[in-house]
Amino acid sequence: MEADDRRRLSAAMARLRDGDRSAFPAVYASVRPAILALARRLVAAEAVDDAAQLALIDVFENAHQYDPSRDALSWVLGITAYKCRTIEKKRQRRRWSDPPEHEPACDEPDPAAVAERADLLRAAKVILGEMSSHDAEAILASAGLVERPDVGGATYRKRLERALVRFKRMWGARHGA
Amino acid sequence: MAPDERRARRAYEWGRLKYAARRMWLPALLVVCAEQACGCTAVSYGVVAALALTTLFLGWRGGWYERAIAPATVGGCIAFLAPLCAAYAGVRDEALVATCGLGGVLAGALLAVWGVRQQVPLKRVFAVAAFHIVLVGALGCAIVGVGAFLGLALGVFVAAAPAWVRAPAAA
C-alpha cells in the first residue's frame, strides 16, 4: 500500500472510530485485501478464510479503540497477526491432540519413516551429549527415558523449559531448522 | 453488500453498542442520587429507562451525538439539582415549579453556548441533547409534579432554540 493510501486509510479509520458510518466502505475496501494477504502468510491455506474473517470482525468490532495518531494499517495488521497466530496455535494443538481419522492399514512401520526417525534420534543424541547434564536429564525425563530428577514440580518444569529452549537453539544452529 | 461486508458491519455496530454501554453508570448513578434525595416513583424509573436508552443511543451513534453527552449531562445535572436545592432551602409550590423552569433555562443555555462555540453542524444533535437534559432534570423535578416537568422542558427548549435555529438541518 502506498503512503498516500495509508494516510487515506488512517483518515477514514479515524472517521469510523468517531462513528461516521460513511467511512465504512472505504475502510472495508482497503483493509480486507491487506488482512487476507497477511493471513495467507501466517496460517495454513485451509484456515486462511476463517482467520481473515475473524480478524476482519475483530478490527471492526474494536474500531472505536483505534488511536488516530497511529497508522491505521499497522494497527489493523497487528490485530490480524495476533488473530492468525492464535488460530494457528489452536490448529496445531488440535492436530497433535486429535487421533488420526484412519488407522494405518497394516501395523508394519514405513521403512522410510523408521530411517528418518533413527536419523533424528541420532542427531538429538549428539546435541544432548553436548548439553549440560541437568538439561539432558530434564529432557530425557520428559520423554520417560530416565527417572525424573528429585526436584519440585515447578522447578522441574522451569528447568525443562529452559533445557528445551537451549536444545532448540543448538538444533537450529546445527541443522538450520 | 457481500456477506463478509455485512458481517464486518454487524461487528462494527456491535462494537459501538458495547462501547456505548460503558456509559450506563451515568443513569445508574442518577437513579441512586434521585432515590436518596427524594425517593423514586414508577415515573422516575420510567424516566431512568428512557435516559439509559438515550445515553446508549448517543454513545452508539458517535460523532456530535457522542460529544453532546457531556454538556447535556452537565446541563441536566443543573436542572436536576435546582429543585432539590430550592426545596431544601424552603421554597414551596409555584416557586418550586418556577425553579424547575429556571433550571431548564440554565441547562438549555449551556447547551446552546456549547453548540455555538463548537459549531455543531446538526439540528438533530440539539434535539436529542435537549431531550437528554429534560430526562436528567426530570428526575429532580419528579418531586414537584407534572407542571414542574413541563416548566423544565419549556425552559430547555426555549433556551436552546437560538442555537438550534442557527444549526443546519444536515451536515
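Reader: How far does helix α5 of chain A reach from its first C-alpha to its last?
Author: This is a predicted model, in which local features need pLDDT of at least 70, side-chain atom pairs count only at pLDDT 80 or more, and totals for chains, interfaces and linings use all residues. Residues are numbered from 1 along each chain as its sequence is written, while chains are lettered from A and ligands numbered from 1 in the order in which they are written. Helices (H or I, at least four residues) and strands (E, at least two) are DSSP runs numbered from the N terminus, and the expected span of a helix is 1.5 Å times one less than its number of residues. For the 20 residues of α5(A), residues 111–130, the expectation is 28 Å, and the span found in the model is close to that, at 29 Å.

Reader: How many residues of α5(A) are buried?
Author: A residue counts as buried if 20 or more other C-beta atoms, placed from the backbone, lie within 10 Å of its own, as exposed if 12 or fewer do, and as partly exposed in between. By that count α5(A) is hardly covered, since the number of buried residues among its 20 is zero.

Reader: What is the radius of gyration of chain A, to which this helix belongs?
Author: Chain A has seven helices and zero strands, and its C-alpha atoms fill a box of roughly 65 × 45 × 30 Å along the principal axes. The radius of gyration is taken over C-alpha atoms, and the globule rule is 2.2 Å times the number of residues to the power 0.38. A compact globule of 177 residues would come near 16 Å, but the value for chain A is 24 Å.

Reader: What is the radius of gyration of chain B?
Author: Chain B has eight helices and zero strands. The globule rule gives 16 Å for its 171 residues, and the chain lies close to this, so it is as compact as a globular protein of that length, with a radius of gyration of 17 Å.

Reader: What percentage of the residues in chain B are buried?
Author: For chain A, buried residues make up 23% of the 177 residues. For the 171 residues of chain B the figure is 47%.

Reader: How many of the 19 residues of α7(B) are buried?
Author: The end C-alpha atoms of α7(B) are 26 Å apart, which agrees with the 27 Å that its 19 residues should span. The helix is largely enclosed by the rest of the structure, because the number of its residues that are buried is 14.

Reader: Which element of chain B gives the most to the side that touches chain A?
Author: Two residues are in contact if their C-beta atoms, placed from the backbone, lie within 7 Å, and the contact between the chains takes 15 residues from chain B and 13 from chain A. On the chain B side, α1 (3–21) and α4 each supply at least two residues. The greatest contribution, eleven residues, is that of α1(B).
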